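Q: Could we go through a few local features of this model together?
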Amino acid sequence: MARDLSVAGLIVVAVNKMPVAEVEVSADLVRRLLADQHPDLARLPVEFLANGWDNELYRLGDELIARLPRRALGAEIIKNEQRWLPGLASRLPLPIPYPERTGVPALGYPYSWSVVPYLPGVSAAEAGAFDPVAAAVAVGGFLGALHVPAPADAPANPVRGVPLAERAGSFAANLALLTGQADQDLVDRDAVLRVWDAVLAAPGYDGPPVWLHGDLHPANVLVNEDGQVSGVIDFGDITAGDPAGDLSVAWMLLPPGCHDRFWSAYQAAGGAGGQVDDGLRTRARGWALNLAIVFLAHSDDNPVLLEAGRRTLSTVLADQRGPAR
């Protein structure tokens, strides 16, 4: 069933579900894999925690999480996490779930998998409230520290860190799912296209490819009980390229009044070489729009991402002063 959400007086309906799991993952499978490959962890209680498009997560006692791909795509990207996250974690100002242990295909399960530290907190997308001013500084500073030139063998990703123009076809297809249904647009198509055309006209990125989280949205930012950002999770799309995609989180997470602090923290931490310009902010706004349309079109069975899409679209369309503040 579609879930109805209001955006600027319109009804937004997610029309597609998340990708179907290609392999069955269960708490029992996790227990058997641990007994086979990490027997010192096998006595820990195992409890399902969550699933995303690519992975399922299981709590292992109080301090660990097992992260198992549920699709072949997830199996490819978890290898990137295993290779690169341990080295990145040591220089980032917020905790990340780098793999402390790794597993290999076994017992009928076909993919590599990881055991990562449990980071306490709830996602910002689900938190009842958090401190947006502190979040702007924390997340901006985190991205400034992350966005340094990446090595030549950094993971390639055809849909992250690339010029926005390369996403034009998928953007149009996703927007079509939300417009023209029963003679009624489910989003304000004209308003969306005005923003999209403006961001496509922005100068492209001409700097070195920098490390990117690749999928930084409110569901991947953790907030503790005091309302402070406590970690960043889900690096499955880690790659290198234009930093604008990661920086779209400003519209996805923060009210516009906190954008100045976000950009100042990013620049102070060395992001964009300390030189933030209108082109970068405009491209970031375009990525926020693109991801909002993706979430609205493909998260019928994920209310957290569906709501993130609704909020992001509303913030982007309400941002009438231009790129960002």
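Q: Which strand order does the open sheet of three strands have?
A: The order is β8-β10-β11, with antiparallel pairing; strands are DSSP runs of E with at least two residues, helices are runs of H or I with at least four, and both are numbered from the N terminus. Two strands pair if DSSP finds at least two bridges between them. β8 (122-123) and β11 stand at the edges with a single partner strand each, so one side of each has no neighbour in the sheet.
A: This is a predicted model, in which local features need pLDDT of at least 70, side-chain atom pairs count only at pLDDT 80 or more, and totals for chains, interfaces and linings use all residues. Residues are numbered from 1 along each chain as its sequence is written, and side-chain values use heavy atoms, without hydrogens and water.

Q: How many bridges join β10 to β11?
A: Three bridges join β10 (residues 221-223) to β11 (residues 229-232), and the two strands run antiparallel. V221 has V232 of β11 as its bridge partner.

Q: And which residue takes a positive phi in that hairpin?
A: G227 does, near 80°, in a hairpin with five residues between the strands.
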